[in-house]
Amino acid sequence: MKERTVNGMPIREVWAKLQAEFPSDAIKRHPSTEMEYIPVEKIEERLNNVVGMENWDFELIAPVQVCRFGADGFESCVASGKLSIYDDERVPIVRSTGGASDVIYPKNSTRPTSVANAVDSAVQDVFKRCAKRFGIGMKGKASARFQQSSRESPKEVVMKVTIMEPFKPLPRGGAKAKVCFDGETLELYIWKKQWDDLQEAYGEKFQIGRKLNEMTFRGIRKEYKGSMQLEFVSFDKKGAA
């Protein structure tokens, strides 16, 4: 059976090149969350160098929409798209997913800063998430140095998660739930002290068996018994979904 090739290379070699670690000078750090990321242009450069400019394509599956979430009406631009890589027979290999970006309002203003920027950020978010499904820019390949430092002393950062199920009780108080964060499904843990504070501040929103849509909060990402998890630390009133 003929081996599948892309840009004249065996498919296994293509995957290895796409998933290779990025050099340190290609890794940027977000100014507010301090999380490291690979810029879109570096991902495009990787695709062009490995599969060839004419052998990949990205497109939106549906128009970008502005959606409202939660009782406070937080607005996000939501998009879905697909990234296709074509083999030498022009048969596509497709990865698809969705993404979003918040619409930012200046303080004490009802006029958003720039919906166009939010739309563009949502499209970039979809593109990067599709690329990750090909293994491009995955955490752990992008920055082993950052992973090592995170294991030694996890940093508290701003996180936005989509909550996938109702809250479940923890044996010693508090709650947990599966959430989607940065393209990964992880367990979010809210320990007893923080859970009690949330119940006191927000009442019925934080109850066992209750499901929220999204949360934006300050938290910690850490490894526990070989698995990654998120731990809630705090947020202000605007963080309540």
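**Salt bridges in a predicted model**

Glu-214 counts as buried, at 16% relative accessibility. In this predicted model, the side chain of Glu-214 takes part in a salt bridge with Lys-160, and the closest N and O atoms of the pair are 3.7 Å apart. The two partners lie in distant parts of the chain: Glu-214 belongs to strand β12 (residues 214-224), while Lys-160 belongs to strand β8 (residues 156-163), 54 residues apart. Lys-160 is partly exposed, its relative accessible area being 28%. A further residue joins this pair, for Asp-102, Lys-160 and Glu-214 are linked in a network of salt bridges.

Such contacts rest on a general principle. Side chains of opposite charge can pair when their charged atoms come close. Across the whole structure, a search finds 13 salt bridges.

One of these joins Glu-59 to Lys-82, with 3.9 Å between the closest N and O atoms. This pair also links distant parts of the chain, since Glu-59 is in strand β5 (residues 56-69) and Lys-82 is in strand β6 (residues 74-86), 23 residues apart. Glu-59 counts as partly exposed, at 36% relative accessibility, and Lys-82 is likewise partly exposed, with a relative accessible area of 29%.

Another salt bridge is formed by Glu-165 and Lys-168, whose closest N and O atoms are 3.6 Å apart. Is Glu-165 buried or exposed? Glu-165 has 15% relative accessibility and therefore counts as buried, because the limit for a buried residue is under 20%.

How values were computed:
Residues are numbered from 1 along each chain as its sequence is written. This is a predicted model: local features need pLDDT of at least 70, side-chain atom pairs count only at pLDDT 80 or more; totals for chains, interfaces and linings use all residues. Side-chain values use heavy atoms; hydrogens and water are left out. A salt bridge is a side-chain nitrogen of Lys or Arg within 4 Å of a carboxyl oxygen of Asp or Glu. Helices (H or I, at least four residues) and strands (E, at least two) are DSSP runs, numbered from the N terminus. Buried means under 20% relative accessible area, exposed over 50%, partly exposed in between (1.4 Å probe, protein chains only).
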